[in-house]
Amino acid sequence: MCMVIFAPIFAICAFATCGGYHGYLQVKVDCSARRPNNLSINIEFGYPFRLQQIHFKAPLCDASREDVVFLNGDFSAAAQFFVTVGVLAFLYSFFATIVYVFYQNKYLKNNRGPLVDFLVTVTFSLMWLLSSCCWAKSLTDIKAATNPTEVLLLIASCREKENRCATTQEPLWSRLNTSTMELQSSRRL
């Protein structure tokens with residue numbers, strides 16, 4: 001019964017925090033031999049975290065043109081698996097609640113209802129565990145791929161010692177960190 005109450009809440013929070021995430025990174029490139037200086041580059045990314053499709057234009061300090069730079073990594077499989085399990089867990093919990101409340105006589109009449117419910121719950125528990133492990137690993141990799149130091153190394157002008165590059169805004173990870181904690185908490189129920 002405890003699962004019927006808390007599983008939908010955890011499922012909603014888990015897929016909402018991951019599926020609705022939008023990250024923002026801003027870096028500044030200060031070319032020593034070029035005017036204007038202090039060029040800002042805005043990099044936005046989000047669910048489903050296909051970072052290899054995220055690109056931005058970075059200035060080439062030795063010329064008056066720009067270079068198109070792509071981020072590294074595709075973490076969409078783990079993110080979509082995580083969100084899918086969360087949505088399906090929510091839908092099953094909702095369905096199970098309706099069965100428990102309105103069809104309890106038929107549910108308890110033969111041993112098939114509780115057995116099917118048990119098997120589906122065990123299956124969802126294992127999928128929940130697997131998806132949270134995959135998502136936690138992917139989240140670590142997403143943080144590494146969007147680490148400002150790593151992103152600055154992708155920019156050709158930032159690899160030259162005479163130019164100065166800095167991060168002016170880093171992504172906020174609290175929502176995605178919360179999504180992994182919610183799944184850990186719900187596994188304890």
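These legends go with close-up views of the cysteines in a predicted model.

**View 1. The cysteine bonds across the whole structure.** Searching the whole structure turns up two disulfides. Count the bonded cysteines along the protein chain and the pattern reads 1-2, 3-4.

**View 2. The link between Cys-31 and Cys-61.** Here the S to S distance is 1.9 Å, and the angle about the S-S bond is -65 degrees, which makes the link left-handed. Cys-31 sits in the loop between β1 (22-30) and β2 (39-46), while Cys-61 sits in the loop between β3 (55-59) and β4 (66-70), so this pair ties together parts that lie 30 residues apart in sequence. As for solvent, Cys-31 is buried, at 1% relative accessibility. Cys-61 is buried too, with a relative accessible area of 9%.

**View 3. The link between Cys-158 and Cys-165.** This disulfide has its sulfurs 2.1 Å apart. The link is left-handed, with -95 degrees about the S-S bond. Cys-158 has a relative accessible area of 17% and counts as buried, whereas Cys-165 comes out at 22% and is partly exposed.

**View 4. Cys-134 and its closest cysteine sulfur.** The closest cysteine sulfur to that of Cys-134 belongs to Cys-133, and the gap is 6.9 Å. A disulfide needs the two sulfurs within 2.5 Å, so this gap is too far for a bond. Cys-134 is partly exposed, at 30% relative accessibility.

Key: Residues numbered from 1 in each chain as written. Predicted model: local features only at pLDDT ≥ 70, side-chain atom pairs only at ≥ 80, totals over all residues. Heavy atoms only, no water. Helix = DSSP H or I, 4+ residues; strand = E, 2+ residues; numbered from the N terminus. Buried < 20%, exposed > 50% of the residue type's maximum accessible area, 1.4 Å probe, protein only.
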